[in-house]
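This report describes selected local features of one protein model. Please consult the sequence and coordinates shown here alongside the text.

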Amino acid sequence: MDVSGSLTCVVVAVDGSEVSMEALKWALDNLKLSPSSPDSSFIVLHAQPSPSIAAGVSPGTIPFGGPSGLEVPAFAAAIEQHQRRITDAILEQARQIYADRSEVVMIYSQVNVKTQVVVGDPKDKICETVENLNADLLVMGYRAYGPIKRYINLFLFHTSILPLCVLVN
């Protein structure tokens with residue numbers, strides 16, 4: 001079934017891994033968006049884990065056994081700032097991939113590429129975002145790092161209500 005050319009919204013989930021960036025390259029090189037819709041776009045989506053997921057603890061309390069009611073705002077702020085730097089680097093890498101391919105991509109169609117960042121559990125936020133955007137296709141990479149990383153892909157594969165393209169490294 002060839003749907004390329006009838007797509008109006010393609011979401012490409014990126015996490016900074018090589019395989020997620022390869023998925024972005026593949027989507028830009030191989031998928032054509034509908035020329036009849038001026039709102040057609042590729043959405044480069046990064047699901048940034050919340051600070052508590054990133055740190056493995058609740059960032060509002062002391063993580064090393066102090067009083068549970070005592071908050072350490074500097075700890076939470078440091079984690080959030082670190083997460084923003086990581087997100088900025090990932091999106092910059094994605095922008096560079098698009099810039100490198102823009103001449104080739106523009107020959108085939110007028111492509112609108114947008115970036116979007118969501119904060120929270122990646123599996124939940126990716127599903128929520130593609131549903132809110134009424135996306136036609138979700139493209140993502142697959143890296144077999146272990147049961148947790150595989151779980152995200154499997155969760156999306158089994159719960160997604162739209163076509164899912166998973167590129168394997």
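With which side chain does the side chain of Lys-123 make a polar contact? The partner is the side chain of Asp-121, at 3.1 Å; a polar contact is a pair of N or O atoms within 3.5 Å, where within protein one must be able to donate a hydrogen and the other to accept it, and residues adjacent in sequence count only if both atoms are side-chain atoms. Lys-123 lies in helix H4, residues 122-133 (helices are DSSP runs of H or I with at least four residues, strands are runs of E with at least two, and both are numbered from the N terminus).

The model is predicted, local features need pLDDT of at least 70, side-chain atom pairs count only at pLDDT 80 or more, and totals for chains, interfaces and linings use all residues. Residues are numbered from 1 along each chain as its sequence is written, and side-chain values use heavy atoms, with hydrogens and water left out.

Burial is classed by relative accessible area: buried is under 20%, exposed over 50%, and partly exposed in between (1.4 Å probe, protein chains only).

| Residue | Relative accessible area | Class |
|---|---|---|
| Lys-123 | 13% | buried |
| Asn-112 | 30% | partly exposed |
| Cys-9 | 8% | buried |
| Cys-127 | 18% | buried |

Asn-112 belongs to the loop between helix H3 (73-108) and strand E3 (113-119). Beyond its neighbours within four places in sequence, Asn-112 is in contact with Ser-40, Ser-41 and Phe-42, contact meaning heavy atoms within 4.5 Å. The C-alpha atoms of Asn-112 and Phe-42 are 6.2 Å apart, although the two residues are 70 residues apart in sequence.

A disulfide is a pair of cysteine sulfur atoms within 2.5 Å; by this rule, the count is 0 disulfides.
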